[in-house]
Amino acid sequence: MSSSDEEEILLLFALLKKKKKKRYWVHPINKKRAQFGEYHRLCIELQSHEDKFFQYFRMSRLCFEELHDLLKANIAKCTTNWRKPIHTRERLAICLRYLATGDSHQTIAFSYRVGRSTVSKIVRNVCQEIWKTLQPKYLPSPNRKMWLQSVEDFLVLWGFPNCLGSIDGKHIKLKCPRRSGSAYFCYKNYFSIVLLAIVDPHYKFMVVDIGNYGRHSDSAIFEKFNHILKNAVWNIIEKQVLPEKNYHLDKSAVEHGHCGLRLPPYHCHFNAIEMVWSETKRYYDQAIMKTAGLLTEVLKVWIMYQSNTTGRIT
């Protein structure tokens, strides 16, 4: 047997003796969650301090309890012979803490003494249930009655006739996803997704579109769900009539035996006052241009005269 063969055999024995990294079903640190976990210690104390509770979860304790009552049936897990599931209150607390702070899953996992993958699954599951449970109640698909109410409120509160809603988009920064190219790169020179929303006159969301590529403009995103709104919106606008304006001057003119004729305010061809004003501005502009040209010629003559007499230009 050669020396190289002996070295290979020794190396093989060394690899066999090398202990494999031990993996736990539940890590010993996480087994002490009930004694030292953040939910079982800090969160319990926060319940007696409303202001601190609000700072921690970004919601009041009453709101937390109401949200928990709505979600607990959908986020609860079954108890097995192997281990007890994480309580629904703790699952909701983990998700809300992540949404309130934006901390990494690993940081929250250490604080609550759960696995990082467990935090990831909890956040995803609870967020989905929040949307499924609250969306029909707080963000339903707008119907004809809601659109008409929005039109009426915009006219009363803001003075805009036939206005269904206010629309705008917001770019939300994010890290560039892997293998996404320039799809998320927006005109503001960073990577983002777009939140496009239509709100009513009371600052409440009526329609939202979340998660589009940052490179898309507001109009391009609106086109995607425009077909959903087009028929309903057009039927509403088509039947609406602009409110008639009443002027006190017209009433006074009629009372004195005169007839008032309202002319278009901005079209000079149909409004005598606008026509006179436009002619006045045109004459003024021409006069200014002539004066400016005359001043330029005078300065040229002055410079020429000064250079001929002194030999230098100042």
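1. F53 and F57 are both buried, where buried denotes under 20% relative accessible area, exposed over 50%, and partly exposed the range in between (1.4 Å probe, protein chains only). The two residues are 4 apart in helix 4 (residues 50-57) and are therefore separated by about one helical turn. Helices (H or I, at least four residues) and strands (E, at least two) are DSSP runs, numbered from the N terminus. The model is a predicted one, in which local features need pLDDT of at least 70 and side-chain atom pairs count only at pLDDT 80 or more, while totals for chains, interfaces and linings use all residues. Residues are numbered from 1 along each chain as its sequence is written, and side-chain values use heavy atoms, with hydrogens and water left out.

2. The next point concerns aromatic pairing. Rings of Phe, Tyr and Trp (its six-membered ring) are paired if their centres lie within 6.5 Å; planes under 30 degrees apart are classed as stacked, over 60 as edge-to-face, and the rest as tilted. By this rule there are 7 aromatic pairs. In one of them, the ring centres of F53 and F57 are 4.9 Å apart with planes at 50 degrees, so the pair is tilted. F53 also pairs with F64: the centres are 5.8 Å apart and the planes stand at 90 degrees, so this arrangement is edge-to-face. The F53 and F64 pair links distant parts of the chain, since F53 belongs to helix 4 and F64 to helix 5 (residues 61-75), 11 residues apart. The relative accessible area of F53 is 2%, so it is buried; F64 has 5% and is likewise buried.

3. F53, Y56, F57 and F64 make up one aromatic cluster. Y56 also takes part in a charge-ring contact, as the charged end of R97 sits over its ring, 4.0 Å from the centre. The criterion is that NZ of Lys or CZ of Arg is within 6 Å of the ring centre and within 35 degrees of the ring normal. Elsewhere, the charged end of K173 sits over the ring of Y190 at 4.8 Å from its centre.

4. The structure contains 3 salt bridges, each defined by a side-chain nitrogen of Lys or Arg within 4 Å of a carboxyl oxygen of Asp or Glu. E90 and R33 form one of them, with an N to O distance of 3.6 Å. This pair links distant parts of the chain, with E90 in helix 6 (residues 88-101) and R33 in helix 2 (residues 33-36), 57 residues apart. Both E90 and R33 are buried.

5. A salt bridge joins R89 to E65, with the closest N and O atoms 2.8 Å apart. R89 is in helix 6 and E65 in helix 5, so the pair ties together parts 24 residues apart in sequence. R89 counts as partly exposed because its relative accessibility is 26%; E65, at 22%, is also partly exposed.

6. D69 and K72 form a salt bridge whose closest N and O atoms are 4.0 Å apart. Both residues lie in helix 5, 3 residues apart, about one turn of the helix. D69 is partly exposed at 46% relative accessibility, and K72 is partly exposed at 39%.

7. Most residues other than glycine have a negative phi. R58 has a positive phi near 60 degrees and is located in the loop between helix 4 and helix 5. At 52% relative accessibility, R58 counts as exposed. R113, also not a glycine, has a positive phi of about 60 degrees; its position is the loop between helix 7 (105-112) and helix 8 (116-138).

8. L155 lies in helix 9 (residues 144-158) and is partly exposed at 37% relative accessibility.

9. Overall totals follow. The secondary structure comprises 12 helices and 3 strands, and 24% of the 314 residues are buried. The accessible surface is about 24,500 Å², with 59% belonging to carbon and sulfur atoms; areas come from the Shrake-Rupley method with a 1.4 Å probe, and for residues only the protein chains shown count as cover. Of the contacts (heavy atoms within 4.5 Å) between residues at least 6 apart in sequence, 49% join residues at least 24 apart.
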